[in-house]
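Okay, let's get the model up on the screen. I'll walk you through a few spots in it.

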Amino acid sequence: MKFLIINYLSGDKIFESLDLDIYFDSLKKLTNVDKYVIVNKVSAANLKKIEKIYDKIIYNDKYEFYYIYIAFLELFIEHGQSYDYIMYSDARDIIFQKNPF
């Protein structure tokens, strides 16, 4: 079975949060799960930071936060058939203690 976790990160201010670092640490521990992130208005320095965590970074400046679900739909259409389960996860108030699948 194939599993995918999707996140959305917008702007550089989110990278100042300790919560995000804790989330990243928990995400890195997950195995047998692909990790995609949709980013919007994120600096090159922060992109470099997340390259080590995510399997795929999707650059999407055409949708603001309120319309991000359109980007999710496009991602599902393009990649959805490759996965048995797909999960969207918030990136600030979640900690993975084990594989959610």
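Let's start with Phe101, which sits in the segment after β4; strands here are DSSP E runs of at least two residues, helices are H or I runs of at least four, and both are numbered from the N terminus. Quick housekeeping: this is a predicted model, where local features need pLDDT of at least 70, side-chain atom pairs count only at pLDDT 80 or more, and totals for chains, interfaces and linings use all residues. Residues are numbered from 1 along each chain as its sequence is written, and side-chain values use heavy atoms, with hydrogens and water left out.

Buried is under 20% relative accessible area, exposed is over 50%, and partly exposed is in between, with a 1.4 Å probe and protein chains only.

Now helix α1, residues 18-28: its buried residues are Leu20, Tyr23, Phe24, Ser26 and Leu27. Looking down the axis of α1, those buried residues fall within an arc of 165°, so they line one face of the helix. That arc is taken from the directions from the helix axis to the C-beta atoms. And what covers them? The cover includes β1 (3-10), β2 (34-40) and α2 (44-51).

Last stop, Ser89, also in the segment after β4 (85-88). Ser89 is buried, at 2% relative accessible area. Skipping neighbours within four places in sequence, Ser89 is in contact (heavy atoms within 4.5 Å) with Ile5, Ile6, Asn7, Tyr23, Ile94 and Phe96. You'll remember Tyr23 from the buried residues of α1.
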